[in-house]
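Q: I would like a close look at one part of this structure. Please take me through it step by step.
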Amino acid sequence: MLQEQSPAAPVVLIVENDVLLRLVTACSLRSSGFEVLEAANSAEAMLVLASMPVDALFSDIDMPGKMDGLALAQWVRQRRLETRIILTSGGERALGSAKEYASFLAKPYADTDVEHLLRSVLPKAQTRAPQVRAIRH
Amino acid sequence: MLERVPHCPSPVVLIVENDVLERLSKAAYLRRQGLEVFEAADMTEAIAVLNKIAVDILISEVSLIDGTALAQWVQERQPTTQVVWTAALRSGQACRTPAVLH
């Protein structure tokens, strides 16, 4: 499904049930050169992750539904996906065992905080001069 | 007062679609055409966006629960917004829904 135009364009999946926050974060990251996919909850995120390669997952922890962000991160880990994981939540949260494979960014965050953290967790080759990678319709 | 997307001369599109893979595929295609595209997973998300941002074109699935109510809501509050319906048709099924409602 993904048409690779440049190996340097990182694909980021944002999982956030606050649509306006998701929208603002996605717009900011797109303008910084990332290819951004959006999911409203963990169920949507799993469908996306099972369908296409995702370089980084940026997920809220506190979401309605059967699976929260911590469980989603564990699901990614169990499937041995190479997706880097960043979790976010209002205030400090104990990540538990997830701290071994996930980074944490407290809300409220600045758009630049997300971008900088993404660039720090992604392999260097993916974060250099990112270009738009298109999805074939 | 609704906000225009800053520094954006392109038409602003809101896609309301509960199938995430369908939604991101449509959104990626329209972004490649140069449009500014926002995504909503359901009517609640759509209303949250429409309450905040001036949208030029709303694309909504016919079968979406309360889809027609959403179109009516938009026409009352953002009368300049064009509403475009999408529908998945079975083989041999005719589309009786106008493509553009308003």
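In which sense do strand β1 of chain B and strand β3 of chain B pair, and over how many bridges?

A: The pairing is parallel, over 4 bridges, between β1(B) at residues 12-16 and β3(B) at residues 57-61. This is a predicted model, in which local features need pLDDT of at least 70, side-chain atom pairs count only at pLDDT 80 or more, and totals for chains, interfaces and linings use all residues. Residues are numbered from 1 along each chain as its sequence is written, while chains are lettered from A and ligands numbered from 1 in the order in which they are written.

Strands (E, at least two residues) and helices (H or I, at least four) are DSSP runs, numbered from the N terminus. Two strands pair if DSSP finds at least two bridges between them. Within this pair, Leu14(B) stands opposite Leu58(B).

Now widen the view. In chain B, 4 strands form an open, parallel sheet in the order β2-β1-β3-β4. Its edge strands are β2(B), residues 36-40, and β4(B), residues 82-86; each pairs on one side only. Neighbouring strands are turned by 20 degrees on average, direction ignored. Axes are lines fitted to C-alpha atoms, for helices over the stretch in contact, and angles run from 0 to 180 degrees between N-to-C directions.

Next come the helices. Helix α1(B), residues 20-32, lies across β1(B) and β2(B), at about 170 degrees to β2(B). Helix α2(B), residues 43-50, packs on the sheet and touches β1(B) and β2(B). Contact means C-beta atoms, placed from the backbone, within 7 Å. The direction of α2(B) makes about 160 degrees with that of β1(B).

Terms used:
Contact = placed C-beta atoms within 7 Å.
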